[in-house]
Amino acid sequence: MANDFLLILPEAILSVGAMLLMLTAAWAGDRAGPALTWIGVLLLAAAALFLPGISNAGGTAFYGQFAADPFAAFAKIVIYASAAVSMVAAMGWFGRDRDYRAEYPVLILFAAVGMSIMVSAGDLLSLYVGLELQSLAAYVLATFQRDDSRSAEAGLKYFVLGALASGILLYGISLLYGFTGTTGFGGVAEALGDGVSTGEMFGLVFVLAGLAFKIAAVPFHMWTPDVYEGSPTPVTAFFASAPKVAAMALLVRVAVEAMGPAVDSWRQIVIFAALASTVLGGVAAIGQKNVKRLLAYSSINNVGFALVGLAAAGVAGIASVLTYMAVYVVMTLGAFLVVLRMRDAAGRPVEEIAALAGLSRSRPGLALAMAIFMFSLAGIPPLFGFWPKFLVFDAAVQANLTWLAAVAIATSVIGAYYYIMIVKLIYFDEPAPAFAETREPVGAALILAAALFVSPLGYFAIPWLDAAATNAAQALF
Amino acid sequence: MENFPILSAILALPLLGALACLTTGANGARWIALFTTLGTLALCIGLWAAYRIGGPQWQFTEYLPVFGRFAWALGIDGIALMLIVLTAFLMPICIAASWTAIEKRVPEFMASFLAMETLMLGVFCAQDLFLFYIFFEAGLIPMYLIIGIWGGKDRIYAAYKFFLYTLLGSVLMLVAMLWMVNHAGTTFIPDLMATDFPPEAQTWLWLAFLASFAVKMPMWPVHTWLPDAHVQAPTAGSVILAGVLLKMGGYGFVRFSLPMFPEASAELVWVIFALSMVAVVYTSLVALVQQDMKKLIAYSSVAHMAFVTIGLFAFNRQGIEGGLIVMLSHGLVSGALFLCVGVVYDRLHSRDIDKYGGLANNMPAYALLFMIFTMAAVGLPGTSGFVGEFLALVGAYEANSWVGAVATTGIILGAAYMLWLYWRIAFGAARTPEAAAMPDLGRRELAILAPIAAAVLWMGVYPESFLAPMRADVESLLARIERAAPEGDARVTAGRPPAADAADAAEGAHH
């Protein structure tokens, strides 16, 4: 039992820390916001430091409910890092309007605990608990600007649709439980091993649909653009990064550990969702005027490519999904950090894409960083965004899904169109009114770090990243 | 000296120059770019001098497995060497041609150009399949910026078209590469060149590579991005597009399609021949009716690149060597023609042929140099154009006499549109007073055009300098594809040497 608590040490640190921070926030008021944020970052770092499963094999706790394996460790490091970045980025953004409140880091920490449990779930019920903990924190975060009607609308939409998705998921879980007699991943896999009955098939489809909702894969993506647009920009940055990684890792674990024997049944579903996401994410983004909506479609598009890796299954496929998500969050957070700096002369946030016009004239450094993120998201070498795409297509080819790789890669050209449209705005067009000067050295340093990572220098990280992702993927087989 | 990584140095130098350009003002960037490209040229000439003809097939090799899945593997053979020298030779000329023509955002322009040089040289140096792909595709980014920022009126449309066309072509190639690497278990190009892929898979792989190289080359009917890109790009951009970027398609055919998929190449050679024959005749006719000088030269590029594809797929020595020489020659000549257009465009800001006329009167030096390049484009003996086109046509005739016959009409049509262009621009009376008042070449312009003219004549008079380094590589390519070579219909037989004829005649007279 003591060993079980050792395995959940990171989650324990985060939970206890978040509760203490909440008490402090209640007593000290909103002035303590920045200090609490930095303490939150330290808590995330401490949690990452005590992660089991990095140097050793980890293990399972609480009778298989919770798996602390290298797979979970890989996902958690990415999640904690992106949660920390979105925390720090928010501080500077809200800080200007004096509407930054001390609850922000607390909510992010609770979401981080939820995501931790999600990626470590070994049972359909611990999966659900983690997912809800993360979602509840996210609903509140979406409405964080209480006086902004858009923010309230986003929160409500997110809540209603999220609750619907949870319902679908729970229904699927109940079906699976009814037809297999267990909620443990291992037990479900065993029951599916002797052929998939109709009832099990229904359960499987509902579970996948619920999870597809959480990763915003087509056809369960409708909430994404609205929620992304309405939420405060730093919250959107958070939504596009850590929860996406957590939901994707969760989906991978369920698909492989619980539904592994039924791979031929779910592969078609995943392939459909993947191709539909890459096409729709690419086509629908073209007409967008709001940069947050555009990035929402970009996230749908990217999830589609990650799903290609999942469709390939196997160690190579899973490793490629993990690498994809790790590189994706860096690119996305980088792009959002640039968006966070878009403010007009009066200091109000700007969200129109057209405001980026001629940015290369007024802010060459920022423009270069944005161009790097855009080309990288489009997957153009020599930028590092090419590499995860390369890996998922390689995995698909290895799994004898060459046709899938060919179709998916052709759809990536559609996506490339709107990414280079942003570059066109930044570099080719006549300047729009310049943005207000910002003094946020931390944000600038983060943008620089992200840009360097997705620049060709990122290729030197490949051997290391490859080893970590492969090691993590092997833990599932 | 033996172990000096000269290829890495050649790739690193322009990249460092690009970074340096970004830190200075307009004039500083110009000088940095000029010295960097001249330095690279010096290194590449050193490379040519140090290249041992008849030595190992791959020289100056470097191998560093730093990227896990693929390696920093560099190495060149004679074909790559010649294209590297061509690239390095054109670069300082491009920089000098942009000296005054580019006025806005000079540091960014020079940085893009230098980055472009690294990427183009990287394509020819890469010995690893994925490294090649990265260099091949990465070139899109700087070229997109060059066309989009410094181009003409419709630059944005042209930049999009260029980017998306080429991207769509090359992504399919990536899937084919992934399949090949999974099949062969290596990413090392020389090993892949010796791998025999199953013939049924070859067809698909060949088509995927064709999708990429045909767009890059460009072959009819996927050539339509080229006239747009050429017309809108700034002069130096057009020179690099025509001079080097188009050669990547041809290089790809020689390096990948032919040696890796010989059976598929032989089986589908009719595709290449059909598309090339259409290109030669159709684009030549289109070139004939153009009013825009740059567009005319752009269409002539498509026609000339069709000679390259016909030659390369002739499956015989003359054809392949001819195709390679046409690539080199076209790189020089079309680059020079775009520079000639740039010279008058800088003065009158019009590419409309009707605005000019009678330039031989007020610009004699210009008219002379323009004449040399026109003749080279036509393929006059003594210029580089003749050598390549003659060899390619001989090869084509051996392979298929119909292809040879149709392709030869391209020479006649080429003479028609080039000579007519020259006549309308240089001879007769000036059609506008502005054209009559244009001053002759300045010293900078002379320094740009004269070296190319010298190279064109050198290649025309003594092509052996350029053929010698490539001979062994053509030999090994032929050895590789000979098992699949389709039988020609011309059945050329060796002629009797004239001496023997004379001896026969003399014998006959005695009897």
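E352(A) counts as exposed, because it has 12 C-beta neighbours inside 10 Å. The cut-off for exposed is 12 or fewer. Keep in mind that this is a predicted model.

Where does E352(A) sit? It lies in the loop between α15 and α16 of chain A, with α16 covering residues 359-362. What does E352(A) touch, once residues up to four places away in sequence are left out? The answer is K289(A) and N290(A). Now take D394(A). E352(A) and D394(A) are 42 residues apart in sequence. In space they are 37 Å apart, C-alpha to C-alpha.

Next, a helix pair in chain A. Two packed helices are described by the angle between their axes and the distance between the axes. Helix α15 of chain A runs over residues 314-340, and helix α18 of chain A over residues 386-398. They pack at an angle of about 165 degrees. Their axes are 8 Å apart. That angle makes α15(A) roughly antiparallel to α18(A). The crossing is left-handed.

Who meets whom? On the α15(A) side we have G314(A), A316(A), G317(A), S320(A), T323(A), Y324(A), V327(A) and Y328(A). On the α18(A) side we have W387(A), P388(A), L391(A), V392(A), A395(A) and Q398(A). By class, the contact of α15(A) with α18(A) has nine nonpolar residues, five polar and no charged.

Over to chain B. It holds 23 helices and two strands. Its radius of gyration is 23 Å, close to the 24 Å that the globule rule gives for 511 residues, so chain B is as compact as a globular protein of that length. Along the principal axes, the C-alpha trace of chain B spans about 75 × 70 × 45 Å. Of the 511 residues in chain B, 60% are buried. Look at contacts in chain B between residues at least 6 apart in sequence: 81% of them join residues at least 24 apart.

Chain B has a helix pair for us too. Helix α2 of chain B, residues 26-50, packs with helix α3 of chain B, residues 78-97. The angle is about 160 degrees, and the axes are 9 Å apart. That makes α2(B) roughly antiparallel to α3(B). Their crossing is left-handed. Among the residues in contact are L34(B), L38(B) and W48(B) from α2(B), and I84(B), F89(B) and P92(B) from α3(B). The residues of this contact divide into 16 nonpolar, two polar and no charged.

Now helix α5 of chain B. Buried or exposed? Mostly covered: ten of its ten residues are buried. They include F130(B), Y133(B), F136(B) and E137(B). What do the buried residues of α5(B) pack against? Strand β2 is one partner, and helices α4, α6, α7, α8 and α11 of chain B are there as well.

Last, where the chains touch. 26 residues of chain B are in contact with 26 residues of chain A. Which elements of chain B give two or more residues to that side? They are α5 (129-138), α6 (140-150) and α7 (155-184). α7(B) gives the most, with twelve residues. The side of chain B that touches chain A divides into 21 nonpolar, three polar and two charged residues.

Terms used: Residues are numbered from 1 along each chain as its sequence is written. Chains are lettered from A and ligands numbered from 1 in the order in which they are written. This is a predicted model: local features need pLDDT of at least 70, side-chain atom pairs count only at pLDDT 80 or more; totals for chains, interfaces and linings use all residues. Axes are lines fitted to C-alpha atoms, for helices over the stretch in contact, and angles run from 0 to 180 degrees between N-to-C directions. Helices (H or I, at least four residues) and strands (E, at least two) are DSSP runs, numbered from the N terminus. Angles under 35 degrees count as roughly parallel, over 145 as roughly antiparallel, 65 to 115 as roughly perpendicular and the rest as oblique. A crossing is left-handed if the near helix is turned anticlockwise from the far one by less than a right angle, and right-handed if clockwise. Two residues are in contact if their C-beta atoms, placed from the backbone, lie within 7 Å. Ala, Val, Leu, Ile, Met, Phe, Trp, Tyr, Cys and Pro count as nonpolar, Asp, Glu, Lys and Arg as charged, and the others, Gly among them, as polar. The radius of gyration is taken over C-alpha atoms; the globule rule is 2.2 Å times the number of residues to the power 0.38. A residue is buried if 20 or more other C-beta atoms lie within 10 Å of its own, exposed if 12 or fewer, and partly exposed in between; C-beta atoms are placed from the backbone.
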